Amino acid sequence: MNIKQGIAQTFSVIFHPLLIPTYGFLLLMNSGFYFSMITYDAKKLLLLIVFMSTFLLPVLSLGLLSFNKHFNMKMEKSTDRVIPLLFTAVYYYLGYFYLGRLQVYPIYRIFLLATILIIILLLLVSMKWKISNHMAGIGGLIGAILALSFRLGLNSSLLLTGLIIAAGAVGTSRLVLKKHDPLQIYAGFMLGFAVNYLVIIFL
């Protein structure tokens, strides 16, 4: 692996789609939006639920699947992603369910609900075509922040600029690593962006 590929791999790990919800909740809880005004203890519990349901449990499931000789951990074919996405959707729903038991602003559940919808759509598409999950994740985060900015009439241009730069770096990294072609990159971004934007702007 050369330096260019090493950098691309680093970006792919840092912006792994399973980490995006945790980043998203961190941004929401420190955004200055009205719903970020919750207690520190509530933020810790909220983040713990999100991290466990959207990252830790899916990763543990992937670890268990790796013991199956018929499962390809590299997930080079689109169909290799179906079972992991199915598990992930279930765990995300568990997170959504437990968030409903907390007395927090509804936007947190809406954000996770939109993410579940993205996963379901990725699962359906992956049965026939290899779409970029990485770009769906970062695209969804950009769509959510943009929708919230419009709904609340706040200027989030600096944050959005940073996220767009990050999305460009992630997309380039996936191309450098030859995990996707440009169409799969753009399709993943647009799917994530459109779903999160539409759900949050209208709900």
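The lining of the second largest pocket holds eight nonpolar, three polar and no charged residues. Here Ala, Val, Leu, Ile, Met, Phe, Trp, Tyr, Cys and Pro count as nonpolar, Asp, Glu, Lys and Arg as charged, and the others, Gly among them, as polar. This is a predicted model, in which local features need pLDDT of at least 70 and side-chain atom pairs count only at pLDDT 80 or more, while totals for chains, interfaces and linings use all residues. Residues are numbered from 1 along each chain as its sequence is written, and side-chain values use heavy atoms, with hydrogens and water left out.

**Second largest pocket**
- Its volume is about 160 Å³. A pocket is an open set of points on a 1 Å grid over the protein atoms alone, where a 1.4 Å probe fits, with protein on both sides within 12 Å along at least five of seven lines; lining residues have an atom within 4 Å of a point.
- A volume is the space filled by probe spheres set on the points, which are joined across faces, edges and corners.
- Helix 7 (157-176) gives the most to this lining, with six residues. Helices are DSSP runs (H or I, at least four residues), numbered from the N terminus.
- Helix 8 (182-202) supplies at least two lining residues.
- Among the lining residues are Met135, Ala167, Thr172 and Phe189.

**Ala167**
- Ala167 sits in helix 7.
- Ala167 is buried, at 6% relative accessible area; buried means under 20% (1.4 Å probe, protein chains only).
- Leu141 lies 26 residues from Ala167 in sequence, and 9.8 Å away in space, C-alpha to C-alpha.

**Largest pocket**
- The largest pocket has about 760 Å³ of space.
- Its lining has 37 residues, with His16, Pro17, Met75, Asn133 and His134 nearest the centre.
- Helix 6 (133-152) is one of the elements that give two or more residues to this lining, and its six residues are the largest share.
- By class, 19 lining residues are nonpolar, 13 polar and five charged.

**Nonpolar core**
- The largest nonpolar core has 52 residues. Such a core is a set of buried Ala, Val, Leu, Ile, Met, Phe, Trp, Tyr and Cys residues joined through side-chain atoms within 4.5 Å.
- Phe25, Leu46, Tyr108, Ile138 and Ile200 have the most contacts inside this core.
- Helix 5 provides the largest share, eleven residues.

**Helix 1**
- Helix 1 covers residues 3-14 and reaches 16 Å from its first C-alpha to its last, close to the 16 Å expected. The expected span is 1.5 Å times one less than the number of residues.
- Asn2 caps the N-terminal end of helix 1, with a side-chain oxygen 3.2 Å from the backbone nitrogen of Lys4.

Notes. Polar contact = N/O pair within 3.5 Å; in protein donor to acceptor, adjacent residues only side chain to side chain. Buried < 20%, exposed > 50% of the residue type's maximum accessible area, 1.4 Å probe, protein only.
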